[in-house]
Amino acid sequence: MQKSITSFFKKKSDATDSPSPPKKVPKIDAKTELPDEPHIKSESASPETKPKVEPMSVDSEEKTSPVKNVKKEPKDTVDKTTDKKVTTIGLNSTSASKEDAENYDPSADSYHPLKNAYWKDKKVTPYLALARTFQVIEETKGRLKMIDTLSNFFCSVMLVSPEDLVPSVYLSINQLAPAYEGLELGVAETTLMKAICKATGRNLAHIKSQTQLIGDLGIVAEQSRVSQRMMFQPAPLNVRDVFRKLREIAKISGQSKMDLVYNMFVACRLSEARFFIRSLIGKLRIGIAEQSLLTALAIGLVKKNHIDDCKASKVAEVYKDEIADTTLLLKTAYCQCPNYDIIIPAILKYDIKELQERCPMHPGMPLRPMLAQPTKGVHEVFERFGGMQITCEWKYDGERAQIHRNEKGEISIFSRNSENNTAKYPDLIARSTGLLKGDVKSYIIDSEIVAWDVERKQILPFQVLSTRKRKNVDIEEIKVQVCVYIFDLLYINGTALVTKNLSERRKLMLEHFQEVEGEWKFATALDTNDIDEVQQFLEESIKGNCEGLMVKTLDEEATYEIAKRSRNWLKLKKDYLSNVGDSLDLVVIGGYKGKGRRTGTYGGFLLACYDTENEEYQSICKIGTGFTDEDLQTHSEFLGKHVTSAAKSYYRYDPSLEPDHWFEPVQVWEVKCADLSLSPIHRAAIGIVDGERGISLRFPRFIRIRDDKNSENATDANQVAHMYQSQDQVKNNQKSSTQMEMEDEFY
Ligand SMILES: Nc1ncnc2c1ncn2[C@@H]1O[C@H](COP(=O)(O)OP(=O)(O)OP(=O)(O)O)[C@@H](O)[C@H]1O
Ligand SMILES: [Mg+2]
Ligand SMILES: [Mg+2]
């Protein structure tokens, strides 16, 4: 263990001591070729090395639509706005030419989603059009431009080949199915390298060394294709076939998997090879996150609605309000129905205003959980709720679990993050019928799973739960027993309850379910509006091994707000009521090499919060406290596997903070601090509280890894601003404590 970390540091530190320029992605054009290895000439490759091309199935329409049958478009549809940058398509010509395909550019200002959709005659979206879209997105800096480009492509698909919208969307986020189904590609790089060798006649050592040099097998694959002359060109790929085949590849293994990859790869042209290979590796590298994708879809839809009276590039300005409304409706529907197979046909068929009712929640499909806001004491709770009826529940410190049962009696368990945790809890499934009372066919309950000491009949700390195995759990081998504390009911026997008030939901919960000692319990609750009783209940919750209380409205403003961090659920924690009120969950983006006792591991780290609006990570503090030696070993080993050669374009930081190594945004840590202050260096929440200064944490301390949160669920910039503003000293005199800011020293 120790050895591998030391050698990792040695290798990496060599690289950092004599910095080499960041690996650049070479621009590809038809003339770019990798230098041929001396013993292989691709054009005169021997018959053995020459790929045997087995073209994949071709859409029948493509085979049978002879150019002469394609109707000429009337001349009066000429798009006067089209400039030279984009090839005008299908206006005077009878069909899309090779050039149309190769020059396809949905980022051009003059792009017209209908006229520039060069595949409109065939109504089947070429994979090359999608690959070209990815290619221009990869070269685009700004997020808005990126979204706009994607929306242009989506709009074209909506107009001319709507059947391809679902596969296009999945391919854009590199998913094969809804995230909660957990169908993943992740083909090993060596398997892909072998397929590339076989298809291009290059040898493995060459492909490996090029990949090391360039840092991206996708680019290497593309360059290898460029220099390869084929005996005959297989039929062009299209989006729906590629998607279908990728799903197939994910489900099979061994030689047939390898063959399928090979058959697809030989049919790739130009940048198709790059993105096809990247899809298989599982990293598309174009940075389209879920929220950007939903926005792009919404804009695409508005562009489609106004295709006749507005140039695509102007739609964003002219129909600003409609875009905002559409985006909100789409994102809201996605929170209760995170499934593009359902949402996309619905947006194509119905008015967007009907989306929510057309895509209802149902068991088996996770919904985004309602979240709570922090408070710093009982007084703040009463200030907020005034005379409203409230209830206090113990706040259990385990793992959030949304437990679903569908009509067929199948149970699924989802994490806070909508990940499918069903395989982690076969014990819960085995005992799930004990919970039912009366006639229950389907349900969705909201709960917290905690580790349970069977002998002492008491709750165990979170740390114990986190040692439980995650995958392929065998019920006989379970060491950590769990008890589920149920606190809400969201769906029962075919009816969604989210629009009902908590008191009603709770009544139904008590009616349909029963407690089983040490297995299923209702969260301990107290309905009271007496401040002393709340205080006392808080003390009791701590004695009962809980973190504090959740205080919730019962009858007024008491619906279940999907995906919202609601003011109607307040957290009241005992542990750090003092100044900050809550811990933060932050993303590790960089590491500083340790000195002295910490030599050989990282000694400190750079942390960031996530700004959901700009989709960027903003530095918030350096941290070097709270780690055991073992923690540092574990972190260094894990993060060492996620080092990147440069900061991501979506990291915001001051150059003075430059760490020894940058990391991919792959891990979230829970961190406590003494307080938050304005900072001239850090960028968290910049522009929200102060135009030029961000916010940083003073005396940050590592608490634990948050495996149940992904980087985009990290504490958001708005939450940071809110936490800063609600500190007593800020509220009292609104003055910053910049001078007090200190950097931790790492030893
Ligand atoms: N009675 C309860 N009602 C609601 N949530 C509860 C209850 N008991 C425990 N919890 C847990 O408390 C969480 C809310 O507080 P917590 O500080 O743990 O949030 P978190 O997971 O860190 O997320 P965030 O900080 O984003 O709110 C819920 O997500 C749930 O997992
Ligand atoms: Mg928690
Ligand atoms: Mg928290």
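How far apart do the C-alpha centres of domain 1 and domain 2 lie? I looked this up in a predicted model, and the two centres are 30 Å apart.

**Entry 1: domain bounds.** I took the bounds from the domain assignment of the chain, which gives residues 371-573 as domain 1 and residues 584-731 as domain 2.

**Entry 2: the interface.** I then looked at where the two domains meet. Twelve residues of domain 2 are in contact with eight residues of domain 1. The buried area between the domains comes to about 1,100 Å², and carbon and sulfur atoms give 37% of this area. On the side of domain 1, I noted the residues that lose the most area to domain 2: Lys 376, Arg 416 and Asn 417, together 42% of what that side buries.

**Entry 3: polar and charged pairs.** I checked the pairs across the interface next. Between domain 1 and domain 2 I find two salt bridges. I also looked up the pair Arg 470 and Asp 707, which form a salt bridge with their closest N and O atoms 3.0 Å apart. I sorted the side of domain 1 that touches domain 2 by class and got five charged, two polar and one nonpolar residue.

**Entry 4: Thr 133.** Is Thr 133 buried or exposed? I find Thr 133 in helix α4, which covers residues 127-139. Its relative accessible area is 0%, under the 20% cut-off, so I record Thr 133 as buried. Leaving aside neighbours within four places in sequence, I list Tyr 104, Pro 106, Thr 149, Leu 150 and Phe 153 as the residues in contact with Thr 133.

Key:
Residues are numbered from 1 along each chain as its sequence is written. Chains are lettered from A and ligands numbered from 1 in the order in which they are written. This is a predicted model: local features need pLDDT of at least 70, side-chain atom pairs count only at pLDDT 80 or more; totals for chains, interfaces and linings use all residues. Side-chain values use heavy atoms; hydrogens and water are left out. Domain bounds come from an automatic or database domain assignment. Contact means heavy atoms within 4.5 Å. Buried area is the accessible area (1.4 Å probe) that two parts lose on being put together, summed over both. A salt bridge is a side-chain nitrogen of Lys or Arg within 4 Å of a carboxyl oxygen of Asp or Glu. Ala, Val, Leu, Ile, Met, Phe, Trp, Tyr, Cys and Pro count as nonpolar, Asp, Glu, Lys and Arg as charged, and the others, Gly among them, as polar. Helices (H or I, at least four residues) and strands (E, at least two) are DSSP runs, numbered from the N terminus. Buried means under 20% relative accessible area, exposed over 50%, partly exposed in between (1.4 Å probe, protein chains only).
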